[in-house]
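Reader: I am new to protein structures and would like to learn how to read one. Could we go through this one together, step by step?

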Amino acid sequence: MILDIIISLLSEIISTPESDLSGRTPLTPEYDIELIDIAKLMIEIEKRFEVTIHDEIVHTFGTLNDVAEHIDALISE
Amino acid sequence: MANYEQELSNEIVHYNDVLAIIQRQLNTAKNGHAKSGDTLRKTNRDMWENASHSSDNFDRAVELSQFYQPLANIIYAVESTSGRVRLLEQLLQSAYFARIDFRAEGEEQHEMLYIGRGTLMDKPGNRFCIYDWRSPIAGLFYRFETGDAFYDAPGGRIAGNIGLKRQYEINNGVFEYFFDADVQISDEFLRRMLSGNTSGKMKTIVETIQKDQDIAIRDMTHDLLMVQGIAGSGKTSIALHRIAYLKYQGLSNRLKSSDIIILSPNTLFEQYISNVLPELGEDEVKSVVFDDFVKSSLPDKTTFQTRYEQTEMLVSCADPIHKTLQKQSMEFKMSGAFVEILNRYADSLPASHINFTDIVYDGRTIFTGQYLKERLLQMNDHISLSVKLGQLRRHIFEEIHELRKDRMPKLLRQARDDPEHPYDWEEYARALSIEEHTNLAKQVSGFISPDSVALYKKLINTDGLLLSLSEGIELPNNIREILLYAQGPASPLQNEDALAATYLQLLIGTNELYKQIRQVVVDEAQDYYSIHFEILRRLFPNARYTVLGDVNQTIEKQENMSLYERITGIMQPESACLMVMNKSFRCTKEILSFSMQFLDSDTPFESFNRNGDVPQVINAADMDLLDERLMTEAIYSKGQGCQSIGIICKDVQQAEALYDRLKDKIALHLVHSGDNLNTTGIFIIPIIMSKGLEFDSVLVYGADSGHYFSDDDRKLLYIASTRALHRLSLFYTGEISPLIQGGNRA
């Protein structure tokens, strides 16, 4: 599952247990996810899935589900 | 009939044989239902013969010779087991309702054909026990009397002779009686059906479809079929039976329930008709109100006045000056002229109303706003603006992606020099890049994602803009006033403004939402304006239309037969047809004659010959006494066997006030928009909500000169009066409405 992998990547980046994260986790500073963390996540995802995430797309990701959806679309292209 | 007893006993023997076949097949189907995998498939195959054509699951194509003559007609039909069980259970309750004895030319003998709600065969490929009412051969029953007749089978026309037409009353599995009909669907039979009480939901009419109704139901040749029918002529029934028929016909080209959409006047009506298709063995079809389209087209969270609120506001508006302006504003903004202005506005958007700005990246201007605008204007005219803008956006970012390769090393250097990020400077550089791109994306969105509501407001609120787009278009004299009227409190949008913004959105954007819809049924068409049909045409580019209406049942609007020409002009079908139905089956002769006084005297009408009491016009000295007389009539109606009693008020306020006064004295319900319609009882309902519904007894409340005086009010009285099946009374205090003549005065 793409989402599970993304959760585990983010969990490592922000040192939060995976069980505290889900597809509905918002990517905002209120949830202790800063822009630098998002950048790290994008880099990790690109390595893991061998895809390119364009920088202008990143701000449209509201939640981890959105990220997973986008990666899914990139992979199936 | 001398040998009635003998015939009856033959019919009962035959009926029991058929019942046994149904029961046997039902048992098999139910067993099959419990099994799984291959077994289920095998059962399906074995059971193909009694396909009722109600399912979407055509998992196997089977050749099925469905018709009387050995025609090479192929229907691909195998349905889900559950659909078949449902049909067989219905047949067990009421196996068939008619029989015709037909002898095709060249044949020796008449063959007995039984007609019911679905097909039943005794064995695979063997003999038809029951023909589906929608099969071509069943058309004989609806269209011909005994004597020469024909039907159009897929292989060609079959002529012959009908020797006998017989109808059956079979209820709850019990054979009650039969009688032979020498006239079209024996009037006696129809009279019995019509004199029954209305239930809370609309019923099927397969047993009593009339000849011209049948023609409308089975019409396959027109892309746009319009039916103008007076109140009670069965328009809505036709629409629903037509859907059932189209689905039956659609077996070979897979018309699914999801390919069909019904546009209802209100949600109450949606529920009212919700039973018909399941009773005909078909899945329910998606029913929507126009506001649903507006909602799905406009940006999320846009608030707008509903169509119901708009009409209710007009009906209840007491200030004549305000009301006139409101109406003028509505009529203009929903007119063909305004649609043309919106077309021109949409065309002018790229050149004049989108603010393109310079795109700066890595310290230099990579595209000027002027360049972007010119590029857009040079694009192919045949694609929609939103697609063009999408292409422009892609063009911009493709360039930026190239330039990013030179930009990143600079960002990396900058990040490495930042003392705050000694360990994660590479990631920090990426964050900086994301930030830059986010700003660019937001800037580009400013002109790439036009907001239809904002653009529409700009059209209305910018001095002179609308006028500059209206060359050659006749505008209302008080156009300034109309435009200012809309500039009142900004939110929510008036319904007509929301429609205009929706239309604009459809012109700008792509619409994929309803591409698959192939049949659209529009009921109460007389209440729609040009812009509604313009929107429909763009929402459902691949659909055929069935449009039903009555130009006399308008609300706050005058309409005539040119409505249908306008609709045809807008929809541009390959072939169109208008059918006019002037015979009313709902009301008694007396109620219909009384109601016709509200229409132009040359309006043609014909009532079905069913008699009842002359409508009463009841007066009282004051409101309290009037309430008393109203309750007396409601209770009397109940005593006379009326199960549903509708007290119809002009508007919501009047209905609410009346309800508050009566609720502790008598058991009644106030019908709200979006309510569940109960089956029986006394209801208080405003006229606009009563459209399309019917009640055994109707009490029109407040028929005084203060409430009903204009031409528009005439139509309201017509709508209210024709809701009645058996009894009609009108109540007033003070001066009676000048529009009301005749009736029994009391």
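Reader: How many residues of strand E4 (residues 128-132) of chain B are buried?

Author: Happy to start there, with a reminder that this is a predicted model. A residue counts as buried if 20 or more other C-beta atoms lie within 10 Å of its own. By that test, strand E4 of chain B is mostly covered, and the number of its 5 residues that are buried is 5.

Reader: Do strands E3 (residues 120-121) of chain B and E4(B) run parallel or antiparallel?

Author: Here, too, look at the bridges: 2 of them join E3(B) to E4(B). One facing pair to find on screen is Met121(B) and Phe128(B), the latter in E4(B). The direction of E3(B) relative to E4(B) is antiparallel.

Reader: How many bridges join strand E19 (residues 644-649) of chain B to E21(B)?

Author: Strand E21 covers residues 681-686 of chain B and is mostly covered, with 5 of its 6 residues buried. Cys649(B) has Pro686(B) in E21(B) as its bridge partner. Strands E19(B) and E21(B) run parallel, and the number of bridges joining them is 6.

Reader: Which residue in E21(B) does His669(B) stand opposite?

Author: His669(B) takes us to strand E20 (residues 669-670) of chain B. Strand E20(B) pairs with E21(B) in the parallel sense, over 2 bridges. In E21(B), the residue opposite His669(B) is Phe683(B).

Reader: Now for the other chain: how many helices does chain A have?

Author: You can read the elements of chain A from the N terminus on, and they run α-α-α-α. Chain A has 0 strands. Its number of helices is 4.

Reader: Why does the radius of gyration of chain A agree with that of a compact globule?

Author: Picture the C-alpha atoms first: in chain A they fill a box of roughly 30 × 25 × 20 Å along the principal axes. With 77 residues, a compact globule would have a radius of gyration near 11 Å. The two agree because the value for chain A is 11 Å.

Reader: What share of the contacts in chain A between residues at least 6 apart in sequence join residues at least 24 apart?

Author: Two residues are in contact if their C-beta atoms lie within 7 Å. Among the contacts in chain A between residues at least 6 apart in sequence, the share joining residues at least 24 apart is 59%.

How values were computed:
Residues are numbered from 1 along each chain as its sequence is written. Chains are lettered from A and ligands numbered from 1 in the order in which they are written. This is a predicted model: local features need pLDDT of at least 70, side-chain atom pairs count only at pLDDT 80 or more; totals for chains, interfaces and linings use all residues. A residue is buried if 20 or more other C-beta atoms lie within 10 Å of its own, exposed if 12 or fewer, and partly exposed in between; C-beta atoms are placed from the backbone. Two strands pair if DSSP finds at least two bridges between them. The radius of gyration is taken over C-alpha atoms; the globule rule is 2.2 Å times the number of residues to the power 0.38.
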